[in-house]
Amino acid sequence: PYPWYQKMRDTAPVRYDETRECWDMFQYDDIQTVLTDFDTFSSEHDISLGNESEDSALDLGETMINRDPPEHERLRGIVDEYFQPGYLRQFEENFEELAHTQLDQILADGTEFDFASEFAAPIPAIVIGEILGIPREKREILTGVRQDGDNTQRELKEYITGLVQERKETPTDDILSEVIHATPDGKEMTAEEIYNFCALLLLAGSHTTVTLLTNAIWMFTEHDFISDVRVGAIDLDTAIEEVLRYQPSVHTVVRTATEDVALHGNTIQEGDRIVAWVGSANRDPRQFDDPETFDPERKPNPHMTFGRGIHVCLGAPLARLEARTVLRVFFDRISDVDVTTDERTPITTPTLWGLQTLPISVRT
Ligand code: HEM
């Protein structure tokens with residue numbers, strides 16, 4: 001999509017697409033405005049990260065991602081503190097162990113495997129289960145969610161509803177118990193809201209993070225940075241930020257105008273849908289020097305892959321910690337990686353971007 005982004009930024013930075021019936025925006029500054037001005041650009045519509053993707057098997061009801069203030073503030077306020085880096089640090093060892101277990105299983109069968117489906121795919125859903133306090137034996141309920149639609153969704157709903165009941169009677173110290181017992185405005189969250197929250201975490205946090213892990217290996221191999229990252233000559237955190245900028249897992253964020261807005265000679269009308277192409281913002285030369293170059297040492301790196309403003313990704317600190325921890329374990333045990341095919345099969349939804357598979361051969 002990148003040559004197209006460049007053309008659009010220069011020739012039609014804001015334009016109406018008759019077929020998709022929405023405005024597209026391509027420049028960094030415009031997108032920054034749209035995402036931060038939540039009065040003019042509302043999140044209240046039937047969208048969710050990934051709902052344009054065919055394999056998205058979860059319906060989202062009302063959750064923080066499609067609510068405006070003050071409802072957004074209430075829903076996010078309940079959980080915000082549990083997604084801060086300081087709170088999440090306690091899970092680091094669990095994530096390490098999870099990465100080791102994945103590698104043990106894979107390497108027992110050989111050194112050629114698909115990084116995306118065999119190594120990365122199950123990790124983010126299990127991590128979300130872990131922070132919610134869902135036991136590992138139940139992992140298939142979480143990792144199966146995207147595979148077979150209704151059944152798994154019903155199963156997940158039944159399971160979470162049961163778990164919520166259990167935690168109501170006997171609270172533990174996991175996030176779910178906290179969410180159940182929180183009373184931000186004198187009221188507890190309803191069972192429906194709690195389920196929707198869990199489903200939102202899975203929908204927004206699974207595929208996106210699998211893609212981040214896969215895109216990292218893709219970029220590091222393609223640009224020959226594996227050994228530098230392995231030995232620490234290139235800082236892994238900084239390199240991950242560049243993967244997020246250069247090959248973001250999410251390319252679009254959607255809003256609806258609440259009033260008429262004039263921009264670049266166009267008038268966006270009240271009620272019009274706007275697609276903000278964060279994938280294009282990340283390559284905008286008005287913001288980044290040399291944006292088409294993958295520079296794993298780029299600093300600062302104010303990419304828009306996690307959005308901006310009040311809806312900025314709740315899971316960003318989790319995704320960052322998870323990517324750093326899991327990739328660190330991977331590079332501690334793997335001395336070299338070769339991608340074994342020239343074919344690149346992209347995930348082809350407007351929202352999600354990355355590779356479906358990344359067959360590799362590794363040396364330990
Ligand atoms: C919001 C991207 C990982 C949970 C968002 C938004 C983006 C995004 C662009 C803003 C949507 C908007 O403004 O409408 C990503 C990417 C990820 C990732 C690229 C991985 C690389 C995660 C994880 C979780 C998560 C791991 C949780 C487990 C959420 C939630 C929101 C959100 C709950 C809604 C926040 C709000 O509305 O206040 N994410 N996300 N995300 N993300 Fe993520």
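Cys313 is found in the loop between helix H15 (278-281) and H16, where helices (H or I, at least four residues) and strands (E, at least two) are DSSP runs, numbered from the N terminus. The SG atom of Cys313, at 2.2 Å, is the only protein donor of the iron atom of the ligand; donors are N, O and S atoms within 2.8 Å of the metal (3.2 Å for Na, K and Ca), and sites may look incomplete, as water is not among the atoms. This is a predicted model, in which local features need pLDDT of at least 70 and side-chain atom pairs count only at pLDDT 80 or more, while totals for chains, interfaces and linings use all residues. Residues are numbered from 1 along each chain as its sequence is written, and side-chain values use heavy atoms, with hydrogens and water left out.

In one of them, the rings of Tyr2 and Trp353 have centres 6.3 Å apart and planes at 90 degrees, so the pair is edge-to-face. Tyr2 belongs to helix H1 (residues 2-11) and Trp353 to the loop between strand E9 (336-339) and strand E10 (359-363), so this pair ties together parts that are 351 residues apart in sequence.

Methods. Phe/Tyr/Trp six-rings, centres within 6.5 Å; stacked < 30°, edge-to-face > 60°.
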